[in-house]
Amino acid sequence: MQPRNMSMSGVVDLAAVKAAQEAKAKAEQARAEAARQGGTGAVSPADLVIDVDEAGFEQDVLQRSAEVPVVIDFWAEWCQPCKQLSPVLERLAVEYNGRFLLAKIDVDANQMLMQQFGIQGIPAVFAVVAGQALPLFQGAAGEEQIRQTLDQLVTVAEQRFGLTGLTVDPDAEPGGAVPSAAPVEGPYEAALNAAAQAMDAGDLAGAVRAYRNVLADDPAHPEAKLGLAQAELLQRVQDMDPQRVRKEAAERPADTDAQIAAADLDLVGGHVEDAFGRLIESVQRTAGDDRDAVRRRLLELFEVVGPDDPRVVGARRALARALF
């Protein structure tokens, strides 16, 4: 089973947060299942560089990106800069020892993929992490720049998505890796799928009900908690007039309700640090029930982004300083 929101639509903050949680769970379950069966899931160094076409993209890139960051090298035989860049990427894939997987796509043979990624020229290098596609660089790049970009990619993949990469065994037979175990469906899988489908269809009330049903039986269920926080946030902002909300927040900095509403809009727009900073400033300037209302909303937004996100970790420290 692939993550419920796996797509190539780009890194949208709420979608990426949810994908991170699902990718973490899938990676942990796969590792646990491999250990239970006595396998290592090791790959050979030759398996770290693969050729991918349109028919295999779903399995070889999207699904694998829930286990390991997949770097995509778009190239063509006639492209001279590609002939300089591709060997560097292949060498680094082996050197990084499974921290990322390199997928090579010949654009002449895979025009549809080239169009889907919006590529205007090659070489072009993208990454897919937990189903989320993001551009890395285009054109020939120096090795130092490539290394810095890859270092950032593997750090984000590990810290935010829990993707620690593939185990590499030099003695393993190429193509003989133990396949990752599919995650075992939990007792609430049907309800969570229904909730996700309701979210995709814009039925936020239905999604809220479905997530609350799961939490009624399992109050600590991480995906249901995250989903409910997202659905409730989207419910709050769906009828807002963004221009009016932001005008009121700017004109009335001491108005708790105005700042809370603007923070919700900030988060939905992907401005996570702005949302957190706005509410922490409100905590500093308020007291009593107003302060408590701001604090509760900030904790709810922490739930949307996820406790492991470094922006949440930093904001929690700032909140503690503001309160005490």
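The protein averages a pLDDT of 82, and 82% of the residues score at least 70; pLDDT is the predictor's confidence in each residue, from 0 to 100. This is a predicted model, in which local features need a pLDDT of at least 70 and side-chain atom pairs count only at pLDDT 80 or more, while totals for chains, interfaces and linings use all residues. Residues are numbered from 1 along each chain as its sequence is written, and side-chain values use heavy atoms, with hydrogens and water left out.

- Strands (E, at least two residues) and helices (H or I, at least four) are DSSP runs, numbered from the N terminus. Buried means under 20% relative accessible area, exposed means over 50%, and partly exposed lies in between (1.4 Å probe, protein chains only).
- In a regular strand the side chains alternate between the two faces of the sheet. In S4, Ala124, Phe126 and Val128 point one way, Val125, Ala127 and Val129 point the other way, and all are buried.
- Strand S2 (residues 70-75) runs antiparallel to S4, and 5 bridges join them; two strands pair if DSSP finds at least two bridges between them. Phe74 stands opposite Ala124 in S4.
- Strand S5 (residues 132-138) also runs antiparallel to S4, joined by 6 bridges. Phe137 in S5 is the bridge partner of Val125.
- The hairpin of S4 and S5 has 2 residues between the strands, and Ala130 takes a positive phi near 50° there.

**Salt bridges**

- A salt bridge is a side-chain nitrogen of Lys or Arg within 4 Å of a carboxyl oxygen of Asp or Glu. By this rule the count comes to 22 salt bridges.
- Arg91 forms a salt bridge with Glu143, and their closest N and O atoms are 2.8 Å apart. This pair links distant parts of the chain, 52 residues apart: Arg91 is in helix H3 (residues 80-95) and Glu143 is in helix H5 (residues 143-161). Arg91 counts as partly exposed at 40% relative accessibility, and Glu143 counts as partly exposed at 29%.
- Arg236 forms a salt bridge with Asp264, with the closest N and O atoms 2.8 Å apart. Arg236 lies in helix H8 (residues 222-237) and Asp264 in helix H10 (residues 256-268), so the pair ties together parts that are 28 residues apart in sequence. Arg236 is partly exposed, with a relative accessible area of 25%, whereas Asp264 counts as buried at 1% relative accessibility.
- Asp255 forms a salt bridge with Arg252, the closest N and O atoms lying 3.0 Å apart. Asp255 counts as partly exposed at 24% relative accessibility, and Arg252 is partly exposed at 38%.

**The surroundings of Ala315**

- Ala315 is found in helix H13 (residues 310-323) and is buried, with a relative accessible area of 6%.
- Ala315 touches Phe276, Ile280 and Phe302, not counting residues up to four places away in sequence.
- Ala315 and Gly277 are 38 residues apart in sequence, and their C-alpha atoms are 7.7 Å apart in space.

Note on methods
Contact = heavy atoms within 4.5 Å.
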